[in-house]
Amino acid sequence: MAEKIKLSVDGILALESSFIKVPYEQLKKANRKAQKFTEKELSNLASGVADLAKGKGSGAKDPVKALDAMIERMNKLKRKLDELKAEETMYAGKLAARLSHLQDLAHIRTLTAPEFAAWAHLRLQRVLLDYLMRQGFLTSAKLLATGSSSHSASDASGSVMNLAAASAAAEPMAVDTDPTPAPASQVPAPHPVAGLVQFADLEFFTHQRRIERALERHSCTEALAWCHDNKVALKKLKSHLEFNLRLQEFIELARTRQLVPALEYAKTHLVAFADLGHTRAIQQAMALMAFPPTTTCEPYRTLYDSDRRWTALAAQFRADNFALHCLPPLSALEATLQAGLAALKTAQCGGKHEDRSINCPVCVPDTFAVLAEKLPLGHHVNSCYVCRISGEIMDEDNPPLVTPEGYVYSRKAVHEMAAKNNGFFRCPRTHSIFKVAQMKKMFLT
Amino acid sequence: MDAIAPEFDKFVARHHAYVDETSAGLDGLIATLRAARDQLAGTDQDAGAKKAALAMLSLDVKGQTSKIMDTTKDISSALAKCGKAIDKKFGTADLEWNPQAFEGKDHLIRQLIGEHFIREGKFELASTFQKESGLSAAPAKNSQFQELNDIIESIRHHDLGPAIEWAESKRFELNRIDSTLQFDLHKQRYLQLLADAGPRSPGLMAAIEYARKYFSQFPACIREIQPLMLAAIYAGQPTAPATYRTLLARATSPTAWSNLERQFARDFCSLLGLSPDAPLYTAITVGTTALPIIMKMSTIMKEKRNEWTASNELPVEVPLAPRHQFHSVFACPVSREQGTDLNPPMMLPCGHTICNESLKRISKNGSIRFKCPYCPQDTTMAQALRVYL
C-alpha cells in the first residue's frame with residue numbers, strides 16, 4: 001500500500017469551471033460595458049465636432065458652449081472608465097489568483113504529498129465560501145473570506161464599488177492579523193489565507209441576492225434590467241425568463257383591473273414573444289382581462305396564484321444566472337462531500353460501536369453518518385487491513401496476526417502489548433488472553 | 001492550464017497598457033478640446049480663422065478618438081482570446097451523480113459547517129453563521145480547539161515555542177500514549193538552530209547548549225541523539241555526507257514541517273479522543289479526488305443507460321491514501337467480492353484467506369478436500385477459520 005498514488009490533475013480541474021468562469025464573465029461584462037460606452041461617447045464627439053466644423057447642428061450658433069458641453073462629457077467618460085477599469089483590474093486579479101491556485105496542482109504529483117494536503121485545505125475553504133454565498137449567508141461568507149468582521153460585515157447590500165474597496169483593503173488586513181509573521185529567512189506558510197478574498201464572488205452573489213429580493217418584493221424591474229444586460233447569452237440559453245417576467249407584470253396589471261394599461265403593456269411587451277412559441281401563453285394571458293382575480297376557473301386561477309408564480313420566477317432567475325456562469329445546480333461542497341463519503345464508506349461504518357473509527361468521517365453519528373445513509377459503499381478490488389489497535393495499515397513489514405478465535409491485529413501492536421504483559425496478548429474485542437506463539441500469520445492477498 | 005496562462009498573461013500586460021493609454025488618450029483629447037475652446041472664445045480671431053480652427057479640431061479629434069478606439073478593441077480581443085482558451089479547458093461541469101442522497105438534509109450540512117468552524121477555532125465565524133443560517137443551537141465552543149489551532153498556526157510559521165511549551169505541560173499524558181512528540185519538537189528546534197547558525201561559532205554554541213539542556217532529558221532516544229550531535233560538525237557545509245545533509249535539511253523541509261504539524265495534531269487530538277483532522281476536511285479531501293472519478297463513471301453509465309446509484313457499491317475504485325483508510329476491507333482474491341457478514345472472509349490453515357462463498361464453491365459445499373488456490377496445501381472446508389478484521 002506504500003506505493004504513491006498518482007493525482008489526476010485534469011480530472012480535478014475539469015470540475016472547477018465556475019471557479020474560473022464567474023470572474024471571467026464579470027471581467028468580460030465590465031470590459032464590454034467600457035467598450036460600448038467609449039465607442040458611443042467618442043463617436044458622438046467625433047460627429048459633434050465634425051458638425052461644428054461644417055457649421056451644422058444645434059451647437060453651430062455657439063461653438064464655445066458646444067465645446068464646453070463636450071469637454072464635460074469627456075470628463076464624465078473618463079471618470080466612468082476609471083471606475084470600470086478598476087473593476088476590470090479587480091476581476092483580473094481574482095482570475096490571476098485562481099488560475100495560479102489551480103496551476104499549483106500541476107506541480108503536485110501524488111495524493112500523499114504534503115503540498116496536496118495544503119492545497120486541499122485551501123480548496124475546502126473556498127468550497128465552504130462558495131456554499132455560504134450560494135445559500136445567501138453573505139455576512140458569514142465575508143467573515144470567512146476576510147478572516148475579520150471589523151469592516152463591511154454589517155452592510156448586507158454593499159455596492160460593487162464598496163466591495164472592491166473592501167477586498168482591496170482586506171489583503172493588508174489579513175497580513176496584519178497574522179499572529180506570528182514568518183522571519184524573512186524562513187519558508188512562507190503554505191496556507192495563504194489572504195488569498196481567500198480573491199476566491200470569493202461576493203459581488204456576483206450580492207447582485208444575485210438583490211435581484212432575488214426584488215422578486216420577493218414582487219418587482220420585476222431589476223430582473224428585467226439583468227435580462228437586458230445578458231440578452232445575447234440568455235437567447236443562446238433559450239431562456240424564457242424575460243417572457244415570464246413580462247407576463248408577470250401583465251398579470252399584476254390584470255389583477256388590479258387596470259385593463260387599458262394592461263392592453264397597452266401587452267401590445268408593447270408581449271406581442272414580441274409570439275414568434276418564440278409563446279402564442280398560447282399570450283392568448284391565455286389576454287383572456288385574463290375577462291376573468292377577475294377571484295375566479296375559480298382554470299387555468300386563470302393558477303395564473304393569478306401570486307406566491308407560486310413569484311417563487312418560480314426567483315428560482316428561474318437563479319437557475320439562469322447559474323447557467324450563464326457555469327455554476328452547477330449542486331454546490332461543490334455537497335457534490336464533493338457525497339463523493340468523499342461514498343469513497344470512504346465501508347460496511348463497518350456506523351455499525352457496532354467497536355467497528356467505528358474515531359478518524360473516519362462516515363462514523364461521526366448524527367451528522368456525517370446520516371448524510372452517508374443513501375450513499376453507496378466504496379468499491380475495493382484489493383483487501384486493506386487496518387489494525388484495530390494502532391490504526392496502522394498492515395503490510396509485509398507489519399503483517400496481520402490472527403488469534404485462535406479469528407481476530408486480526410498487526411504484528412507490531414501484538415508484540416508491543418505482549419512486551420508489556422509478560423508475553424501475553426489480550427484481544428480487545430473478545431477479552432480472551434493468548435500467548436503470542438498461539439497467533440497465526442495471515443497472508444496478505 | 002498551459003494554454004490559458006500565456007493568453008491571460010498577454011491580457012494582463014495589455015490591460016496595464018490599456019489603462020494608461022486610454023487615460024492619457026482622453027487627457028489629450030480633453031486638452032485639445034480645451035485649447036480649441038479657448039481659441040474660439042478669444043475675441044481677436046476673425047470668422048475665417050475660427051472656421052479653420054474648427055476644421056483642424058475635427059481632424060485632430062477624429063485621429064485621437066480612433067486611436068483610443070483601437071486600444072479599446074485591442075483589449076477586448078485579447079480578453080476574447082483568453083475566453084476561448086478558458087472555454088476549451090473548462091466546459092460546463094455537472095456535479096450531480098446522486099441527486100437524492102442529501103435530499104432534505106440541508107440542516108445537517110449547516111450543522112457540520114458550524115461544527116467545522118468551531119473545530120478550526122473560528123468562534124466568531126461560527127456564531128455569525130449560527131445566527132445567519134438559523135441553526136437552532138450554537139455548536140459548543142471548545143477552547144481546546146482554539147489552543148490547537150493557535151499552536152498549529154505557529155508551527156506553520158516555523159515557530160516551535162508554543163508547541164514545545166504545550167508538550168512540556170502534557171509530558172505525563174504524552175508518555176502514557178508512547179508519544180515521541182516532545183523529543184521530536186526539541187529535535188526540530190535544534191536543527192533549526194543549527195541551520196540558523198551556519199558555520200558561525202556563536203550560533204553553533206547556542207545549538208549545542210540547547211541540545212545539552214533538552215536532549216539529556218531523553219536517554220531512551222540516545223540512538224537518534226548521536227547523529228544529531230554529529231550533524232553539528234557539518235552545519236553550513238555543503239559538502240557534508242548525504243546522511244547529515246538530509247538531517248540538516250529537515251530544518252527547512254516542507255515535508256518535515258508538515259509531518260511535525262500532523263504529529264502534533266494527532267497527539268493533541270489523541271489526548272482528547274478525537275481524530276487529528278477535522279472530519280469535514282478528510283471527507284472533502286477524499287472527495288476532491290473521488291468526484292472526478294465518479295463523475296466520469298456516471299457519464300459512461302448514463303450513456304449506456306445503466307442505473308447504478310441504486311446498487312449498494314460504487315462501480316469503480318477510488319484510490320485512497322493510506323491515511324484515509326480507516327476500516328479494514330476484505331476483497332476475496334477468488335471472486336473479487338467484498339466480504340460481508342453473510343459472506344465473511346475465511347482463513348485456510350495455510351494462512352491464505354478467501355470468502356465463504358468461494359470456499360463453498362471450491363470445496364463443493366464441504367464435500368471434498370481441495371487445494372488452496374494460492375499454494376499447494378490441501379485442506380477441507382471445516383478447517384477454515386472465520387476471521388474478523
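Predicted model: local features only at pLDDT ≥ 70, side-chain atom pairs only at ≥ 80, totals over all residues.
What is the accessible surface of chain B, and what share of that surface belongs to carbon and sulfur atoms?

View 1. The accessible surface of chain B comes to about 19,300 Å², and 53% of it belongs to carbon and sulfur atoms (Shrake-Rupley method with a 1.4 Å probe). Chain B carries 45 positive and 44 negative charges, whose mean positions are 5 Å apart; Lys and Arg count as positive and Asp and Glu as negative, with His and the chain ends not counted, and each charge is placed at NZ of Lys, CZ of Arg, CG of Asp or CD of Glu.

**View 2. Overall build of chain B.** Chain B has 14 helices and six strands (DSSP runs: helices H or I, at least four residues; strands E, at least two; numbered from the N terminus). Its radius of gyration is 35 Å, whereas a compact globule of 389 residues would have one near 21 Å (taken over C-alpha atoms; the globule rule is 2.2 Å times the number of residues to the power 0.38).

**View 3. Surroundings of T346(A).** T346(A) is placed in the loop between α15 (332-344) and α16 (368-371) of chain A. This residue counts as buried because its relative accessibility is 8% (buried means under 20% relative accessible area, with a 1.4 Å probe and protein chains only). Beyond neighbours within four places in sequence, T346(A) is in contact with L377(A), H327(B) and V329(B) (heavy atoms within 4.5 Å).

Residues are numbered from 1 along each chain as its sequence is written, and chains are lettered from A in the order in which they are written. Local features need pLDDT of at least 70, and side-chain values use heavy atoms, leaving out hydrogens and water.

How values were computed
Buried < 20%, exposed > 50% of the residue type's maximum accessible area, 1.4 Å probe, protein only.
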